[in-house]
Amino acid sequence: MLPGDPIGLYARGRNQDPEQLVELRRALNKPLLEQFLTYLRNPFDSTIDSTRFSRPVWEMIGERLWPTLLLLGTAILLASIIGIWIGIRAGWKPGGRFDRISTGTTLILYSMPEFWLGMMLLIVFSVGAFGIPGMFPVGGISTPGVDTSSPMGWLNVLWHLVLPCTTLVLIYLADYALVMRSSLIDERKQEYLTLARAKGLRDAMVRKRHAVPNALLPTVTLIFLSLGFVVTGAITVETVFSWPGLGLLTYEALRGPDIPLLQAIFLMFSIAVIVANLIAELLYVVFDPRVRS
Amino acid sequence: MTLLQFRDLSVDYASSEGIVPAVRGVTLDIEAGETLGIAGESGCGKTSLASAVLRLLPETAQVRGEIRLDGVDLLRMKWGTLRAVRWSQAAIVFQGALHALNPVQRIGDQIAEPIRLHQTVPEKRINARVGELLTQVGLPASRAKSYPHQLSGGQRQRVMIAMALACKPALIIADEPTTALDVMVQAQVLDLLTGLVRNASAGPDGGMGMILISHDLGVLGTTCDRIAVMYAGQIIESGPALEIFDNPKHPYTRALAAAFPRIGDPAARYAPTGLPGDPPFPGDLPTGCSFHPRCPIAVGSCRDSAPALVHVAPHRTAACFKVDS
C-alpha cells in the first residue's frame, strides 16, 4: 500500500550482508496473521529505531505529543463552545437573519481544506497583506532561545498558537454549528416544547431548559466521533505552521518513508480514535437517562 | 359566571395550497365549574380550537375573533401577561404520548416547573407539593425521581394530569387525553381526571372548568355537562350532554352517536351504523351546508345555502334545515 521498498529503506546507508537481506525479505512472505502480530509488536521493540532519525520511536512520539495535545485540545474546546453557541442561535430561529448569515459562513468554512485556510491566514496575518501588518510568527511553537517554562515563555507559546489554532477552530466550529443547528431544528417540533410554552416559560427558557439539553445529545457524540478527522487536520495544519507536534512528525516520517515511526504513529492515532469513540459512548450514558436504564 | 367565551373564532392556516380554514366562526361559552365536551372526527378543528386558547398554534396560523377568559380577551393580550395566564389560569392535559414530556428531565422537576414559575411556594415545600400532586393522581411520591421512559402510558398520563392541576387553574383543556392508552387504562384515567376536576369545583377555590375533547360521543355523554359537536370547523349542535347523546337533532350527531353502540343493545350490535364518505378537506369545503354530501336527509337547498346555528329546544342549538320539520 505504501510506495517504496521497506527492505531497501532499512538497508540504506548500512553495510548489510546480502544473505541477511534475503532473510529479511523472506519475513514479508510469512502468513498475514503472523505479520500482523509482528506489526503490533514492532513499535514496542526497542531495537527498531526510526530509520530517518535513528532514535527510538516512542521517545520521539513522547516529545511531540504535548504540542499536539495543546493545539488540538484548545482548538476542539473553542470550536465546540463557539460552534454549539452558533448552532443554538441559528437553529432556534431557522430562516432568520442570524441563521442565514451563519449557515452561509459555516458552510463555506466547512468546505475549505484546512491547509489552504491555514496558508491564507499565514499570508495575511504573519507575512502581512492588504495593509495588515504581520502580527504573528510564521511557524514553530516558540521563538528560539525563549525559556518556555517561564511565564513569558508561555505567552510566547500562546502567540505562536494563535494562527494554527484559529485555522482548526474555524474549520471544526463549522461542523459542530451545523450539527447543533440541525438537531435543534428537529427538537423544535417536539410536543414537550409546546408543553413548556403552555406552562408560561419565556422563549429563552424553553430553549435553555428543554430544547438545548435534548439537542446536545447527538452533537456531543458527534464531536467525539469527529476526533478521528481532527487527527488528519492536525497533520496538514501542523505542517503548514511547522508546529512540532505529531502531525508534523507524521509528515516528516511520510517523506522517508520512515516505516517504523509511521507504524508507531498510526497505531497511536488508531488507539486515540478508538478511545475517543469509547468516550462518546460513555458520555451518552451520562447525558441521556434513557440509555442509563 | 362565564369562565371562557369564544366569540366568532376563526383559525386559518397558510399553506402552499392557499388558506386552509380549520375553525370557522365558533361562538361558545363555558361556565365556571362546567365540563364541556367537544366532539368531532379528526380534522374537524377541535384541536385548533383548543390550542388557540393559550395561543399555542404555529406561526402559520391566523386567528381572528375573541377568546375571553374571565372577560379578558386572550388574543389581544401582551405576551408577558399571556405568559402569566398560561398554566396558572388555564392548563392543558396533553396526550400522554412519550413526546409530551421532556425525555431527559425527571418528572418531579417537570411538575415543579410551573409551581416555581407562577406561585410563591418556598423551595423546601416544592418537593412536598409535587409529592401531594402525584399521590392525588394515584402515583407514589417517590415517582418524582423517575424519567418519563420509566413510566407506562397510563402513568405518564397521570403525570400530565398532576402537572395540569399543579397551579390550581380555573380552566383545564384536555385534548384527547386518553387516545394513546389502552381501553382499561382509558376508563381509569378519565375517571381520575373528571373526579379531580369535580372535587376542585366543590372546594373553596371556586369551580374548575374543563374542555374535554374526544371523538367518542359516548365518553363525552357520561363525563360532561354539555357537549358541542364540531364538523368542518363549525359547531353544528350543542346542548346538555345526555340530551345530545340520547336525542341528537343534527343528522351528523345522530351518525356519531350510532357509531358507538351501547353495550347490551342487540339492535345496535346487529346493525352497526356508520357514516359513508370522509370528512371534507378544510381547504376544499362543499358549498352550502358542509355536511350535505354525506347527509342522509339532505335536500336541494342544503347545497346552496348553509344553515345557521339556531335554538331548537331549551338550551339546545343545531345547524340544520331539517331539524323539527
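**Exercise 1.** How many bridges join strand E7 of chain B to E8(B), and do the two run parallel or antiparallel?

*Solution.* The model is predicted, so local features need pLDDT of at least 70 and side-chain atom pairs count only at pLDDT 80 or more, whereas totals for chains, interfaces and linings use all residues. Residues are numbered from 1 along each chain as its sequence is written, chains are lettered from A in the order in which they are written, and side-chain values use heavy atoms, without hydrogens and water.

Step 1. Strands are DSSP runs (E, at least two residues; helices are H or I, at least four), numbered from the N terminus, and two of them pair if DSSP finds at least two bridges between them.

Step 2. E7(B), residues 171-175, is joined to E8(B) by five bridges, and the two run parallel. B:Asp175 has B:Ile213 as its bridge partner in E8(B).

Step 3. Strand E3 of chain B, residues 35-39, is also joined to E8(B) by five bridges, again parallel. Here B:Thr35 has B:Met210 as its partner.

**Exercise 2.** Which residues of E8(B) point one way, and which the other?

*Solution.* Step 1. In a regular strand the side chains alternate between the two faces of the sheet.

Step 2. B:Gly209, B:Ile211 and B:Ile213 point one way, and B:Met210, B:Leu212 and B:Ser214 the other way.

Step 3. Six of the six residues of E8(B), 209-214, are buried (under 20% relative accessible area with a 1.4 Å probe, protein chains only; exposed is over 50%, partly exposed in between).

**Exercise 3.** Which strands stand at the edges of the open sheet in chain B?

*Solution.* Step 1. The order of this four-stranded antiparallel sheet is E2-E1-E4-E5.

Step 2. E2(B) (18-31) and E5(B) (72-73) each have a single partner strand, so one side of each is left without a neighbour in the sheet.

Step 3. E1(B), residues 2-15, is joined to E2(B) by 10 bridges, and B:Phe6 has B:Leu28 as its partner there.

**Exercise 4.** How many disulfides does a search of the whole structure find?

*Solution.* Step 1. The criterion is a pair of cysteine sulfur atoms within 2.5 Å.

Step 2. The search over all chains finds zero.

Step 3. Among the cysteines, A:Cys165 is buried, with a relative accessible area of 6%. B:Cys167 is buried, with a relative accessible area of 6%.
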